[in-house]
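Student: I would like to go through some labels attached to this model and see what backs each one.

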Amino acid sequence: MLGYCDVRDMTERLAAPLSPEDQTVQSMPDVSPTKWHRAHVTWFFETFLLGPNDAGYKVFHEQFGYLFNSYYEAVGARHPRPQRGLITRPGAAEIGEYRAHVDSAMTALIERGGDASLQELLELGLHHEQQHQELLVMDAKHVLSLNPLLPAYGDLPWPVTRAQDALDGSGWVGNDGGIVATGHQGDGFAFDNETPRHDVLLAPFEVAADLVTNGDWAAFIDDGGYRRPELWMSDGWYVVQGQGWDAPLYWYPTEDGWRQFTLQGSRPVDPAGAVSHVSWYEADAYARWAGARLPLEAEWEAVAPLADDPQAVRGGWYGQVWQWTASPYVSYPGFVPAAGAVGEYNGKFMVNQQTLRGSALATPPGHARRTYRNFFPPQSRWAFTGLRLAR
């Protein structure tokens, strides 16, 4: 099981390069301020663990539940998501005091122990905070990208595999298809949307051993990929035209070629790097241009190595970019959300979204696994999202 203090400390390490001003800005409705992420995950522990299990606990601030509830309707009203960046108080320092208050009570609760249900909820809360660690990074990157000075966030507090070391070069990974088991099994942690394990019938297929690279994507651009409606889904073409897309998010042209905004600031686009910050619409259009398609999530799971396998780094299966699949984000057969507010965690988002697999450079170590199902709307680009092909 994850260590409570280790996870909580990692959130603060990720926020440390950001000033109080950086932590307050909300650059678009999908982005949340850094200080909101720090507070929300704290509210989760306060609301779902301390409240029901510590009779002597006193909430830090009576109104924080309204400010830092995200989407849990069963818990009560909440501040509108698009207006999170308008809240200057509490400030980043007071959020730190809130975290310390809750951490002290949580440490005492953990030391007292508890039944299996409390331990399960604690583990869910820690994995939930790891999700917000990744959100914190990708949201902060978007905030900083809108500054004309293009300030750098800096290095992440864990190793990131170099693009060259993530290349496999072996072409395609084949599979004979047939009936394959999909979904989580075993005693390790999984979110509810990874279950129940079930059988899927697949035709024979191949999945690319490597991710699509920036160099591949530049060829798509040069061939008029963003100007050819025959490559695009109708909704995607509408978005491309309306938003004026002509390259991945954070790319911009210069006299010396394409550059991109990264966590380290502005850098030339590395042709060997995995293309990132592309929407599902773009990934689907690229696959069509390349004479291939996106893999079904069951296909991806059938050929991907385990996240802790030494081969997982080769080919960028994990730790580079989340990979779009052709599968809509829907429930597995037999899925039943948990009772109560925590049942709102995943199930109610199973519409109008596409599934991604793998993990990205901003995913905390130990948070990836082969059955993990990430999901975003098809037009989303600010996450660390890329693709590999299938046929």
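This is a predicted model: local features need pLDDT of at least 70, side-chain atom pairs count only at pLDDT 80 or more; totals for chains, interfaces and linings use all residues.

Student: Why is Ser 266 called buried?

Tutor: Its relative accessibility is 18%. The label applies under 20%, so Ser 266 counts as buried. As for its place, Ser 266 belongs to strand E7, residues 265-268.

Student: What makes the pairing of the Ser 266 and Tyr 252 side chains a polar contact?

Tutor: The distance is 2.4 Å. A polar contact needs a pair of N or O atoms within 3.5 Å, one able to donate a hydrogen and the other to accept it, and the two side chains are listed as making such a contact. The side chain of Ser 266 also makes a polar contact with the side chain of Arg 259, at 2.9 Å.

Student: Which residues is Ser 266 in contact with, leaving aside its neighbours within four places in sequence?

Tutor: They are Leu 150, Tyr 252, Arg 259, Gln 260 and Phe 261. Contact here requires heavy atoms within 4.5 Å.

Student: How do you know that Arg 8 and Glu 129 form a salt bridge?

Tutor: Their closest N and O atoms are 3.0 Å apart. The cut-off is 4 Å between a side-chain nitrogen of Lys or Arg and a carboxyl oxygen of Asp or Glu, so the pair of Arg 8 and Glu 129 qualifies. The pair links distant parts of the chain, 121 residues apart: Arg 8 is in helix H1 (residues 4-15) and Glu 129 in helix H5 (residues 116-145). Both residues are buried.

Student: What makes Arg 99 and Glu 129 a tie between separate parts of the chain?

Tutor: Their side chains meet in a salt bridge at 3.2 Å, N to O. Arg 99 lies in helix H4 and Glu 129 in helix H5, so the pair joins parts that are 30 residues apart in sequence. Arg 99 and Glu 129 are buried.

Student: Which residues are linked with Glu 129 in a network of salt bridges?

Tutor: The network links Arg 8, Glu 12, Arg 38, Arg 99 and Asp 103 with Glu 129.

Student: Arg 112 and Asp 54 also form a salt bridge. Is Arg 112 buried or exposed, and is Asp 54 buried or exposed?

Tutor: Arg 112 has a relative accessible area of 51%; exposed means over 50%, so Arg 112 is exposed. Asp 54, at 16%, is under the 20% limit and therefore buried. The closest N and O atoms of this pair are 3.6 Å apart, which is within 4 Å.

Student: How many salt bridges does this rule give?

Tutor: The count comes to 18.

Methods: Residues are numbered from 1 along each chain as its sequence is written. Side-chain values use heavy atoms; hydrogens and water are left out. Helices (H or I, at least four residues) and strands (E, at least two) are DSSP runs, numbered from the N terminus. Buried means under 20% relative accessible area, exposed over 50%, partly exposed in between (1.4 Å probe, protein chains only).
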